[in-house]
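The exercises below are to be worked through with the sequence and the coordinates at hand. Each task is followed by a solution in steps.

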Amino acid sequence: MAYETLLVETRGRVGLVTLNRPQALNALNRKLLDELKGVLAAFEADAGIGAIVLTGSEKAFAAGADIKEMQPYGFADAMVEDLAAGWDDVAACRKPMIAAVSGFALGGGCEVAMMCDFIIASETAKFGQPEITLGVIPGMGGTQRLTRALGKAKAMDLILTGRLMDAAEAERAGLVARVVAPERLLEEALAAAEKIAGYSLPATMLAKEAVGRAYETVLAEGMRAERRLFHALFATEDQKEGMAAFIEKRKPAFRHR
Ligand code: CO8
């Protein structure tokens with residue numbers, strides 16, 4: 001299927017989505033959101049996909065929501081249409097998703113990267129929430145996810161000043177899981193995704209859900225959720241196989257069920 005704003009391919013059990021609006025540094029418009037939601041829903045429904053990599057170009061992962069599209073909105077339009085809410089569906093993707101970030105990840109671009117389960121960044125990556133420079137604030141989760149990822153001091157610094165943060169600072173601050181040379185970015189992200197996709201799919205999906213709970217709820221709630229999800233995995237064939245393989249000192253042959 002051909003897309004206007006994305007390039008989509010599968011590499012074994014990994015789904016690779018490349019944001020592709022080079023003329024606008026991958027600015028996130030309505031069309032891109034619709035196409036991305038469709039692709040993620042298809043990957044989620046496809047038992048042959050175990051992990052997803054989301055990437056952009058060398059110059060920009062995404063330079064934010066499309067300012068030209070947003071500029072004419074008034075409060076009533078934004079509120080009634082619930083502008084930005086459609087992105088919750090991207091964040092709700094149940095399969096593990098890695099952001100491979102090179103160049104600018106600004107505003108909505110930084111927020112989409114944070115919707116992924118972890119970020120692998122090229123040394124050239126630049127993160128920021130410059131909405132304040134446009135007279136607005138982050139609207140796709142930046143005030144919440146950045147604060148949880150970095151803590152209040154750095155989140156306030158970035159959101160209130162609108163300054164950009166390079167890859168080294170982002171890694172030190174805990175926003176980014178790994179930083180690699182630009183030419184190794186996709187290779188590293190695909191290798192990580194392939195590794196994840198080789199494990200039991202119910203286990204990786206529930207691991208993602210459980211870590212997500214730590215992020216969304218208080219510790220006691222999160223612990224209760226983790227316990228239930230942990231128990232549920234004992235209903236899978238892959239748990240039997242994984243543990244049997246350990247005991248028998250062989251590699252597990254997961255059926256992803
Ligand atoms: N929206 C629309 N077009 C953009 C965007 C954007 N966010 N970013 C870049 N472009 C366009 C430029 O207008 C330019 O187009 P044209 O050639 O037609 O003028 C083209 O991309 C290339 O950009 P530049 O010439 O500016 O490239 P530079 O290398 O000089 O600068 C920068 C790169 C620094 C990244 C610069 O483009 C920039 O500052 N971009 C805007 C960054 C920004 O402010 N992002 C935040 C946007 S607001 C947001 O994300 C809010 C999200 C929450 C709500 C979402 C609801 C849907």
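**Exercise 1.** In this predicted model, determine how the axes of helix H6 (residues 142-150) and helix H7 (residues 152-161) are oriented to each other, and state which residues make the contact.

*Solution.* The axes of H6 and H7 come within 7 Å and cross at roughly 140 degrees. Angles over 145 degrees count as roughly antiparallel and those from 65 to 115 degrees as roughly perpendicular, and H6 and H7 are therefore oblique to each other. The crossing in which H6 passes H7 is right-handed. On the side of H6, the contact is made by Gly142, Thr143, Leu146, Thr147 and Leu150, and on the side of H7 by Lys152, Lys154, Ala155, Leu158 and Ile159.

**Exercise 2.** Classify Ala85 as buried, partly exposed or exposed, and locate Ala85 relative to the helices and to Lys152.

*Solution.* Ala85 belongs to the loop between helix H3 (75-81) and helix H4 (88-91). Its relative accessible area is 26%; since buried means under 20% and exposed over 50%, Ala85 is partly exposed. From Ala85 to Lys152 there are 67 residues in sequence and 24 Å in space, C-alpha to C-alpha.

**Exercise 3.** Which residues touch the most other members of the largest nonpolar core, and which residues is Trp87 in contact with, leaving aside its neighbours within four places in sequence?

*Solution.* Within this core of 44 residues, those touching the most other members are Phe61, Trp87, Val101, Ile119, Phe127 and Leu175. Helix H1 (residues 30-45) contributes the largest share, 6 residues. With those sequence neighbours set aside, Trp87 is in contact with Leu28, Leu32, Leu33, Leu36, Val112, Met115 and Met140.

How values were computed. Residues numbered from 1 in each chain as written. Predicted model: local features only at pLDDT ≥ 70, side-chain atom pairs only at ≥ 80, totals over all residues. Heavy atoms only, no water. Core = buried A, V, L, I, M, F, W, Y, C linked by side-chain atoms within 4.5 Å. Buried < 20%, exposed > 50% of the residue type's maximum accessible area, 1.4 Å probe, protein only. Helix = DSSP H or I, 4+ residues; strand = E, 2+ residues; numbered from the N terminus. Contact = heavy atoms within 4.5 Å. Axes fitted to C-alpha atoms, helices over the stretch in contact; angles between N-to-C directions. Parallel < 35°, antiparallel > 145°, perpendicular 65-115°, else oblique. Left-handed = near helix turned anticlockwise from the far one by under 90°.
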